[in-house]
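Welcome! Take a moment to turn the model around on your screen before reading on.

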Amino acid sequence: MPQSYVTLSLETHLFFARIMKEHALFLEAGFPCINNEWIEDAESFRQQFEELLAEVIAISNGRINCDILNSNELVTEFTLPAEERTACLSGVAIDTDLTKKQKDLEASPARDEDREIVRRVHQLNARSLPLLNDFIAFKEAIIREMDTGNLFTANYPLLVKHIQREAKLYRATIQNLMNNRQVSYRELLGTENFWNQIMMEHALFIRGLLDPCEEELIKTAHEFSIDYKELLNRANCQNRRELQALSEASLEETLKYRDFKAAGTKGILNCEIDSIILPLLADHVLREANHYIRLLESTKQNG
Ligand SMILES: [Fe+2]
């Protein structure tokens, strides 16, 4: 049990702490310059998640599975150039060393963990919870102020709500790990619905952030949003067979979607696509598709 606790905790942080620090960057870069305090708060969250990620990376070598390394959900071939370009475009300093270190991580077969590592991981988990609570409250405040017309940001209100849900999933995952809870059948379905909705919303964001001249890409993004909406409409699965069919359809769709996102990230980095999408946002949504693919593939193997 300690091995899976250590591995699953580290893998969760390696994926999600990076996602959180990027959410903070997107928020930071989206505020108008009049909102200095919001900008500073977002930057502080970004740095705290970066510190958390650095500590996790420092103890992850040889303690994670090769599946997660091969999935390209932690780092893709585009992450480093996307970070470099985004840092230049936004003025936000990004610690790219973390990306290089994360890229160099190695997996290892299961082994018994010593008490010291279990204790350190437990401490990291415990430390991440108040940080996540504060970050969730921060996003809540942004949503409230946007909804009442007191705050303008370049991020869609739906994007802030979307990243809020991801923060809550991260927190729930850590809480479950700390309470040693087993994942149930209903939760499995819940996870698929969660990620199908995230994928659908990515398509809506991409559709809305592309330059209006990019008609073909806008059309494709729109079609992906419809496909995921249909998958979400099948969410009332009654038995394992229906759930299995839904998983297979979700996997097939997300593999196609991953290719679309990868081509988009490459196009944005090469200035071949006109948009108001930060290169790191393009890579970010690609990594989330890769993460979802790994989850779907692991359920397939275990199902
Ligand atoms: Fe995200």
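This is a predicted model: local features need pLDDT of at least 70, side-chain atom pairs count only at pLDDT 80 or more; totals for chains, interfaces and linings use all residues.

The protein chain has 11 helices and zero strands, and it is divided into two parts, domain 1 (1-159) and domain 2 (183-303).

**The whole chain**

- Along the principal axes, the C-alpha atoms fill a box of roughly 55 × 45 × 40 Å.
- A compact globule of 303 residues would have a radius of gyration near 19 Å, and the protein chain agrees, because its own value is 19 Å.

**Where the two domains meet**

- The C-alpha centres of domain 1 and domain 2 are 20 Å apart.
- On the domain 1 side, 24 residues are in contact with 20 residues of domain 2.
- Which elements give two or more residues to the side of domain 1 that touches domain 2? They are helix 1 (2-30), helix 3 (66-70), helix 4 (79-90) and helix 7 (157-178).
- Helix 4 supplies the largest share of that side, with eight residues.
- Sorted by class, the side of domain 1 that touches domain 2 has 13 nonpolar, six polar and five charged residues.

**Helix 6 and helix 7**

- The axes of helix 6 (residues 115-147) and helix 7 come within 10 Å and cross at roughly 160 degrees.
- Angles over 145 degrees count as roughly antiparallel, so helix 6 is roughly antiparallel to helix 7.
- Their crossing is left-handed.
- To find the contact on screen, look for residues of helix 6 including L129, L132, F135 and I136, and for residues of helix 7 including I163, A167, Y170 and I174.
- The residues of this contact divide into 15 nonpolar, three polar and five charged.

**Helix 2 and helix 5**

- Helix 2 (residues 36-60) and helix 5 (residues 96-103) pack with their axes 10 Å apart, at an angle of about 30 degrees.
- Angles under 35 degrees count as roughly parallel, which means that helix 2 is roughly parallel to helix 5.
- Helix 2 passes helix 5 in a left-handed crossing.
- Which residues make the contact? Helix 2 brings E50, L53, A54 and I57, while helix 5 brings L98, K101 and Q102.
- By class, the contact of helix 2 with helix 5 has four nonpolar, one polar and two charged residues.

Methods. Residues are numbered from 1 along each chain as its sequence is written. Domain bounds come from an automatic or database domain assignment. Two residues are in contact if their C-beta atoms, placed from the backbone, lie within 7 Å. Helices (H or I, at least four residues) and strands (E, at least two) are DSSP runs, numbered from the N terminus. Ala, Val, Leu, Ile, Met, Phe, Trp, Tyr, Cys and Pro count as nonpolar, Asp, Glu, Lys and Arg as charged, and the others, Gly among them, as polar. Axes are lines fitted to C-alpha atoms, for helices over the stretch in contact, and angles run from 0 to 180 degrees between N-to-C directions. Angles under 35 degrees count as roughly parallel, over 145 as roughly antiparallel, 65 to 115 as roughly perpendicular and the rest as oblique. A crossing is left-handed if the near helix is turned anticlockwise from the far one by less than a right angle, and right-handed if clockwise. The radius of gyration is taken over C-alpha atoms; the globule rule is 2.2 Å times the number of residues to the power 0.38.
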